[in-house]
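Me: I would like to go through this model by question and answer. Please keep each reply brief and end it on the value or name I ask for.

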Amino acid sequence: MANVEVRNIYKSFGPVEVIHGIDVEIADKELVVLVGPSGCGKSTLLRMIAGLEDITAGEISIGDTVVNRVAAKDRNIAMVFQSYALYPHMTVYRNMSFGLRMRKIPKDEQDRRIRWAAGGLELTDYLKRYPRQLSGGQRQRVAMGRALVREPIAFLFDEPLSNLDAQLRVQMRTEIRELHQRLQTTMIYVTHDQVEAMTLADRIVVMRDGYIEQIGAPGHVYDRPANTFVAGFIGSPQMNLLPGTLGPDGTIALEGEITVRHTDSLAAEAGRSVLYGIRPEDLQLVGEGAGIAFGVDVVETTGREIELFGTLGSRRICVLLQGRANVRPGETVWITPAPERAHVFDAESGVRLEATGPS
Amino acid sequence: MAELDTAPHHTLERSKAAGRRSGVLSVDRRRMIGWAVVMPLIGGLIVFAVYPFIYLIFLSFSDSNLGTLFRGWVGVENYTDAIGQSKFTASLFRSAIFALMTTLVSVVLGVVVALLLDRAVKGRQILRTLILLPLMTPPITVAVMWQLLLMPKGGWLNSFLMDMALFSQPVSFLGSPTMAFPFVCLADVWQWTPFIALMTYAALQTLPEDIYEAAKLDGASGLAMFWSITLPMLGPALLAIAVLKLVIAFKVFDLVFVLTGGGPGQATTVSSFYIYRVAIQQFDIGAAAAQTLMFAVVVGLVTIPFTTAHDIAEKRLS
Amino acid sequence: MTATRVRKFDGGTWLADAPVDLWTLARWAGTAAVVLFFIFPMIFMLMVSFKTQPDIASGGFVPEEWFWQNYPDAWNSVAVGTYLRNSIVAAALGALVTLVIAVPATHAIVRYRVGGKFLPAFILATYVAPPIVALFPLFFLLRSIGLVNTLFGMALVYGVMNLPVAFWLLSSFVRRLPEELEDAARIDGAGYGSVLLRITVPLLMPGIISTGIICLILAYNEFLLASFLTRSESTQTLPVGLSLYQGDRQLRYGQMSVASLIGIVPVYLLAMFFQRWLIRGLTAGSTR
């Protein structure tokens with residue numbers, strides 16, 4: 001079992017630097033999700049931890065051993081790939097046994113582990129099949145099984161569910177979470193899907209353009225995004241961000257002479273340009289004339305929720321309503337934000353403004 | 001573990017120099033083993049390409065014959081002699097014409113065959129196998145086949161033309177100064193068109209179907225579709241194929257050797273054959289070396305415009 | 001013939017509407033002409049192989065009388081069997097040499113970018129030079145190590161000669177192999193050699209077979225180098241043997257046809273049986 005430490009890591013491909021010195025500490029038995037838009041460096045970081053990419057500068061240690069100069073094959077970690085990377089010329093059984101054969105694990109022990117993993121993954125009947133004879137979901141399970149039998153000190157997942165259909169993806173997500181609870185092994189999971197990140201992770205690492213934007217528990221990252229990027233990236237539909245000016249006494253003056261309130265005791269002085277952030281679900285419908293007038297352009301319903309899209313000042317915003325509401329496009333409704341759910345960011349740097357620190 | 005937010009990168013202190021370490025790891029090590037694995041290939045290239053090339057350079061400045069090499073240094077005499085020999089310069093020109101002509105004809109014919117192959121609903125398999133055969137035939141045997149077809153006494157073409165009453169006397173096609181060269185070209189086209197057809201056919205299969213569907217909806221008809229979509233999209237592939245054919249055509253030797261022996265006169269003496277004769281019949285290896293190098297330059301000069309065109313076409317499409 | 005299926009180049013509605021029309025006829029006529037053009041010389045040679053010398057001179061297509069004697073005569077008068085054996089040995093051994101060198105090297109060059117952009121360009125550039133360039137230097141090299149006029153020497157020459165072609169063909173196959181498979185094997189604990197032998201080579205097998213057959217045929221068909229580097233019956237290959245007919249004062253067309261036919265039977269059989277592989281190999285370069 002192992003903790004993983006990433007210290008001041010840089011990565012360049014030729015002259016292009018793609019990771020600009022990042023630090024992450026992953027505790028033993030923790031499930032950490034690296035999340036970010038494509039090209040943010042999350043997969044590259046994972047591949048460096050795996051030993052598939054060289055480290056340009058910095059240090060990675062697994063279980064307190066610096067592994068910069070340890071080849072992938074000697075790191076005793078297992079990885080599940082987005083494409084599954086199953087060996088097409090081997091049966092399911094041989095796929096799972098390959099890593100064990102390479103490590104010269106005795107035959108009966110190999111068999112024991114494969115039977116165990118296949119049982120848990122409902123693959124027992126497919127051990128003699130070839131990957132091409134399996135469905136997408138089954139292939140994904142074989143990829144998982146191949147990692148499991150290795151009994152590695154850490155599991156790495158590189159977007160393992162992206163190639164599955166939506167329903168299967170949700171199911172497998174739960175299974176991975178269960179697996180983690182059962183195995184109690186360190187897992188590092190890369191995804192671009194923020195929902196996957198939120199549901200799976202003990203902690204989330206949000207990355208962008210080779211930098212880490214925020215590290216924290218899902219709830220924390222959601223409730224207190226460190227900057228406007230995280231605010232926009234985590235949560236769907238996106239947080240509404242409206243430009244405004246900080247007023248006295250916890251008020252913010254938005255465009256169109258709208259004034260909203262917040263509850264953070266900001267050190268920042270009045271008159272400062274800020275971005276006022278409020279999540280769609282933190283806006284509520286109120287009686288006519290009671291709140292802010294909001295012209296609805298589009299109404300989308302998911303069955304469970306209703307999303308109203310329209311313009312406030314110069315920005316498009318979204319309001320998320322639970323349950324049923326009878327709103328039609330073209331109507332004007334009145335909304336009011338919950339002051340304690342407001343987020344305030346510096347307009348220029350995008351950094352969250354708060355004096356009280358993490359709560 | 002405490003939930004600590006990391007500082008956003010704007011404020012991140014960059015201490016790259018402190019963290020920088022050279023990491024000789026998997027990728028570098030793989031590349032090192034890779035070099036070891038590539039060495040035999042490089043060795044082979046040295047033996048087959050680099051060494052001959054350097055050797056030829058030395059030979060070309062020497063007086064050498066098959067029996068005794070390097071009997072003395074003669075400076076650029078071999079080169080000036082070669083340029084002075086109109087038979088040699090004519091052979092260079094003839095090689096270039098041969099390469100360009102056979103490439104042009106076999107590419108055009110190859111595209112036609114590829115289109116026929118692409119549209120053939122039934123028997124495509126058989127068609128492909130049949131077409132594969134000329135390509136598989138040893139060039140020496142191709143030459144023999146065409147020799148049989150073209151010979152004045154009993155050749156099929158003569159009998160056919162006389163049966164049709166077009167000729168009264170048998171004609172020695174390969175003995176005629178005007179007809180020998182085109183017929184050598186024809187035999188070459190016969191051998192290589194299938195190759196071009198197969199490559200073109202494969203390139204056709206990579207063209208995205210939806211573009212054709214879009215063009216169909218735009219009202220393009222068969223012929224317009226070919227000119228405005230198939231041909232432009234096939235452009236880079238065709239140019240690449242043409243380059244390959246050019247290179248192969250410059251290597252032609254066996255056909256000439258059997259069909260005409262370079263004759264009549266010099267009518268079909270392409271450079272590789274001319275050089276071969278200088279070496280084998282006149283034993284003048286020094287002169288042959290100089291001529292070989294000059295020939296290689298001509299091959300490059302003729303091929304480069306096509307590779308350039310290919311690069312441009314490829315860039316335009318991507 | 002009802003052409004109701006609109007294939008991609010038909011585009012217009014004419015084909016879908018009219019089951020048989022001028023275009024369809026023209027296409028069939030064209031196909032027939034193409035097939036005829038490509039097989040006619042072979043058929044004619046086959047016919048000649050059954051003709052007596054006077055029959056050949058008379059110029060008919062079908063033999064006046066089927067004359068079988070050319071076959072034993074050809075076999076007995078020139079060493080067709082020996083030539084054939086020499087050709088097969090030199091070509092097969094040569095193809096083996098090519099593959100043993102080219103497969104690991106191509107993998108390393110394509111996958112690990114050994115030699116950067118220069119090496120691939122250089123390898124292909126060496127193919128451009130006409131073989132006449134290598135002829136004399138190779139002759140002197142082989143002579144100095146005593147391999148002139150040996151089958152082993154020819155096999156080595158062929159093995160090396162086809163390296164650029166093999167690299168070109170194999171590289172498109174290697175490029176199509178998903179890199180993640182090798183990554184997965186590496187994580188599973190496989191080193192350089194294990195990845196190559198247990199993952200890459202098995203998955204590359206179609207490409208290796210295609211490349212091997214093509215190199216085999218190229219070597220089998222080669223004439224210029226063989227004619228210069230082999231001097232005696234015991235080492236001369238079939239193309240060289242065939243070329244010897246050309247020296248006769250009176251060309252024995254019938255026997256020459258027989259010998260040529262014997263020579264093409266092995267490659268044609270190869271072409272029939274490995275049609276799929278051959279085409280896949282030949283077209284690998286244009287569909288990358």
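Me: How much area do domain 1 of chain C and domain 2 of chain C bury between them?
Reply: The model is a predicted one. Chain C is divided into domain 1, residues 4-48, and domain 2, residues 73-284. Of the area that the two domains bury between them, 80% is on carbon and sulfur atoms, and the total is about 440 Å².

Me: Which three residues of domain 1 of chain C supply 87% of the area that it buries against domain 2 of chain C?
Reply: The contact involves four residues of domain 1 of chain C and seven residues of domain 2 of chain C. On the domain 1 side, the residues in contact divide into four nonpolar, no polar and no charged. The 87% share, more than any other three residues supply, comes from M42(C), M45(C) and V48(C).

Me: How far apart do the C-alpha centres of domain 1 of chain C and domain 2 of chain C lie?
Reply: The C-alpha atoms of chain C as a whole fill a box of roughly 75 × 70 × 30 Å along the principal axes. The C-alpha centres of domain 1 and domain 2 of chain C are separated by 35 Å.

Me: What radius of gyration does chain C have?
Reply: Chain C has 15 helices and zero strands. For a compact globule of 288 residues the radius of gyration would be near 19 Å, whereas chain C has 24 Å.

Me: Why is chain B described as more spread out than a compact globule, and what is its radius of gyration?
Reply: Chain B comes to 13 helices and zero strands. Its C-alpha trace spans about 105 × 70 × 30 Å along the principal axes. The globule rule gives 20 Å for 318 residues, and chain B is well over that, so it is more spread out than a compact globule, with a radius of gyration of 28 Å.

Me: What distance separates the centres of domain 1 of chain B and domain 2 of chain B?
Reply: Chain B is divided into domain 1, residues 1-60, and domain 2, residues 81-317. Taken over C-alpha atoms, the centres of these two domains of chain B are separated by 42 Å.

Me: Which residues in domain 1 of chain B lose the most area to domain 2 of chain B?
Reply: Five residues of domain 1 of chain B are in contact with six residues of domain 2 of chain B. The two domains of chain B bury about 440 Å² between them, with 88% of it on carbon and sulfur atoms. On the domain 1 side, three residues together account for 81% of what is buried there: L56(B), L59(B) and S60(B).

Me: How many charged residues does the side of domain 1 of chain B that touches domain 2 of chain B have?
Reply: Between domain 1 and domain 2 of chain B there are zero salt bridges. By class, the domain 1 side that touches domain 2 of chain B has four nonpolar residues, one polar residue and, for charged residues, none.

Me: What area is buried between chain C and chain B?
Reply: The contact takes 93 residues from chain C and 98 residues from chain B. Carbon and sulfur atoms give 79% of the buried area between these chains, which is about 8,900 Å².

Me: Which helix of chain C gives the largest share of the side that touches chain B?
Reply: Between chain C and chain B there are zero salt bridges, and 10 residue pairs are in polar contact, both at pLDDT 80 or more. The side of chain C that touches chain B divides into 69 nonpolar, 17 polar and seven charged residues. The largest share of that side, 15 residues, comes from residues 22-48 of chain C, helix α2.

Me: Which residue is joined to S236(A) by a cis peptide bond?
Reply: Most peptide bonds are trans. In chain A, the loop between α8 (228-233) and β11 (240-246) holds P237(A). With omega of about -5°, the cis bond joins S236(A) to P237(A).

Me: What is the phi of E151(A)?
Reply: Most residues other than glycine have a negative phi. E151(A) is found in the loop between α4 (136-148) and β7 (154-158) of chain A. E151(A) is not a glycine, yet its phi is positive, at about 45°.

Methods. Residues numbered from 1 in each chain as written. Chains lettered and ligands numbered in written order. Predicted model: local features only at pLDDT ≥ 70, side-chain atom pairs only at ≥ 80, totals over all residues. Heavy atoms only, no water. Domains from an automatic or database assignment. Contact = heavy atoms within 4.5 Å. Buried area = accessible area lost by both parts, 1.4 Å probe. Salt bridge = Lys/Arg side-chain N within 4 Å of Asp/Glu carboxyl O. Nonpolar A, V, L, I, M, F, W, Y, C, P; charged D, E, K, R; others polar. Polar contact = N/O pair within 3.5 Å; in protein donor to acceptor, adjacent residues only side chain to side chain. Helix = DSSP H or I, 4+ residues; strand = E, 2+ residues; numbered from the N terminus. Rg over C-alpha atoms; globule rule 2.2 N^0.38 Å.
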